[in-house]
Amino acid sequence: MAVFSVFVRPNQYLSSCLIPPPPPKLNHSCRQQLSVKASAGNSDGEDCKLIRKEKDGWKINYSGEKPGTPLLDTVKYPAHMKNLSTEDLEQLAAELRVDIVYSVSQSGGHLSSSLGVVELAVALHHVFNTPDDKIIWDVGHQAYPHKILTGRRSKMHTVRKTSGLAGFPKRDESVYDAFGAGHSSTSISAGLGMAVARDLLGKNNNIISVIGDGAMTAGQAYEAMNNAGYLDSNLIVILNDNKQVSLPTATLDGPATPVGALSSALTKLQASTQFRKLREAAKSITKKIGGQTHEVAAKVDEYARGMISASGSTLFEELGLYYIGPVDGHNVADLVTIFQRVKAMPAPGPVLIHIMTEKGKGYPPAEAAADKMHGVVKFDPKTGKQFKTKSPTLTYTQYFAESLIKEAEIDDKIVAIHAAMGGGTGLNYFQKKFPDRCFDVGIAEQHAVTFAAGLAAEGLKPFCAIYSSFLQRGYDQVIHDVDLQKLPVRFAMDRAGLVGADGPTHCGAFDITYMACLPNMVVMAPSDEAELMNMVATAAAIDDRPSCFRFPRGNGIGALLPVNNKGTPLEVGKGRILMEGSRVAILGYGSIVQQCVEAANKLKTRDIHVTVADARFCKPLDTELIKQLAREHEILITVEEGSIGGFGSHVSHFLSLSGILDGPLKLRAMVLPDTYIDHGAPQDQLEEAGLSSRHISATVLSLLGRPKEALQFN
Amino acid sequence: MEISFQLQSNNPMLQKARPKKNSHSSYMIQTISCRGDGLESHAKKANFYEVLSLGSENNIDLHDIKKAYRSMARQFHPDVCAPSAKEESTRKFIELQKAYETLSDPVLRQMYDYQLSLADSSLGLGVEGFCMEVKRSIFQREVWEEQLRGLHKRSQTRRERRSMQN
């Protein structure tokens, strides 16, 4: 069967052979088809037509079942790629694209960033000898092709799921993942560290850091390049430029222009190559004319050189990195050539290779989408349509954005700042309504915080919406520029607590601890979406000191929203009691209060009635409430979705200072364990952390002396 | 480039080039300064198509450009104008010449159009479309091949330097 399928349309083939001279096009296409089929090796001729090379690139047909990937099937580790020809590598790239699209369509995850670096991953693994040579992927959400090529293809359907592959490179997961990533702009620093270690240990491998133009907006990248230029260690930095700086890569109205002046400089780099051409043309012409136009030509050349060196010796060269580019990041042959040449040089020093790619390349729905299908849930490969589950409530992020808009409608001093996360923080909605009051500073949290401090110093009311784990980057600025000077900057920390599929790199475990220890900060956390709206109003009203509030990833519980989404300011330092009971009091902080309520309902079935209170404020604590709970109950349990040193710590500190701990009260604090919780489904993570309603009720029971019953809860 | 040499050898306007500042960044394309541009045109960036009164539709062919240039040149040549307006007409005529040089050379015209799109659109949007079209001319193999040669030289000198030090 296989033999027959090789000779497609035998009549044409024969006739072209008989008629001399054969038209090259016909022969060429015949040969193309033949060669594709020859490497296919399976009898089903239809499959091979789904991935085929045409004169302007590879075309993949996504409209049916997943096409066969014969070449990719033979590649399990990078070693299997060493002997492939350039055309094989191109075919491999096409098959890799197919694999990624179909795999992510089932599992969800980051799609388009991975599609943009398929050729790069193929070229890197073909030329370099991983795992001895180290490839460090910045951020890491684009590392899916890397994972597929390094022995994890069979597990790709488990990506971002409990006990499955991580969504980002992880050193524990594979020896091919040289450095863990999740936050951006760390790859050059890590790469330089590895390069210097290699030099000190006398080794001889290559270090490659892949960083994107978005990650280049962060200061750490420049700190690293500055140091790299100074240390002059052999290091290859690949700047993957797809002109996407912020996430999502679009506002509500369409594609977002890259934020920052850097992007236009990078664009000029592209233009500069044309001027090199101009210069070459000028040189050759002056040679021909010679003589009398010599002085004029010399002047022209002088200007031209000044012009070329101004755009050629860019920022990177001045920092000490040798610049190569721009290179077409989707041309495997070019990439392979350049990498081989650079690898062969004994002492190139730090080199920056600037490649241009397109996010979502090769999958038309992603190329066309405004947000380029950056992060997706399950979708249909044929159309790119995502299967988003309908929820009765919106996400906390959306409630936050709504209430902030309502506040800003009344008060025109309110402005919002975010760090390249317009979609994730919901501020895209704010931007649509108040375009000149919303600031996207790029991936620059430190700058965002001090920028907000500057705005506050002049009387505006800035709301800084930064994820809890990303705010860690700007922590000194929070202390030194905001808290120390008591400037009224409001921090809206989204993704607080456990975050599910993104894993520990994005987990907001520490914000209660690091915010509540600051002397002037008001720290609060809503237990549901209505409370969130009221806290936005409260924060807007607090104008003499900084304040912050945290809310989790996920959807609201269906609480009754304030009228018109406009919150009312709460009394600062006052919590509330949700359920009355006796003997045991559970004091929750933040959205974990819902788990406490669930636990209390479970306990009711055992005829145990506990008091559930919502602390609302960690700083200043509602000391009256705590004293009351301590007076009226034997047992006090504090619950928070944060690390040690947070809410529970503040409560116990207060109780010990006030002498209550000298008395009969039994105090227990339930916090996140002293370990990093792996990625997975949110409910699984909560279980692993020991903070689910089951764990809370079990704690109550064992404190009441009924430990065996604790095991009976499912 | 040939045409510009002829122009400049008669023309006393060949001055020291000034780097052209623009709101985007200091890496503003300095082509114009290479042609001995005067200071005036910096103030309002002259659109070559406007200068030749060509309108803004795409795909204006060489014939139209030539026709436009000839008719305007006849109008604005310094010798034709009244003596009082001589300076101004000289300046205008030079502008016309520059516009014609750029637009009549297909390579230069392509690059000029690219510049225009960069200047007109906001930072990234306009480039997208153009990028695709001039993609092949941007990713010139020669560019990075030359860079690789430079890197190879640098690598060799560094190795020599290091072995001398040791």
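First, the ground rules. This is a predicted model, where local features need pLDDT of at least 70, side-chain atom pairs count only at pLDDT 80 or more, and totals for chains, interfaces and linings use all residues. Residues are numbered from 1 along each chain as its sequence is written, chains are lettered from A and ligands numbered from 1 in the order written, and side-chain values use heavy atoms, without hydrogens or water.

Chain A has 29 helices and 23 strands. Those are DSSP runs, numbered from the N terminus: helices are H or I with at least four residues, strands E with at least two.

Of its 714 residues, 58% are buried, meaning under 20% relative accessible area with a 1.4 Å probe, protein chains only. Contact means heavy atoms within 4.5 Å. Among contacts in chain A with a separation of 6 or more, 76% link residues 24 or more positions apart.

Now the sheet. In what order do the 5 strands run? The order is β18-β20-β19-β22-β23 in chain A, an open sheet with mixed pairing. Two strands pair if DSSP finds at least two bridges between them. β18 (576-579) and β23 (666-670) of chain A each have a single partner strand, so one side of each has no neighbour in the sheet.

Look at β19 (583-589) and β22 (633-640) of chain A: they run parallel, joined by 7 bridges. A:R583 sits opposite A:H633 in β22(A).

Last, the helices. Helix α26 (647-657) of chain A packs on the sheet, touching β19, β22 and β23 of chain A. Helix α24 (593-604) of chain A lies across β18, β19, β20 (611-614) and β22 of chain A.

Notes:
Buried means under 20% relative accessible area, exposed over 50%, partly exposed in between (1.4 Å probe, protein chains only). Axes are lines fitted to C-alpha atoms, for helices over the stretch in contact, and angles run from 0 to 180 degrees between N-to-C directions.
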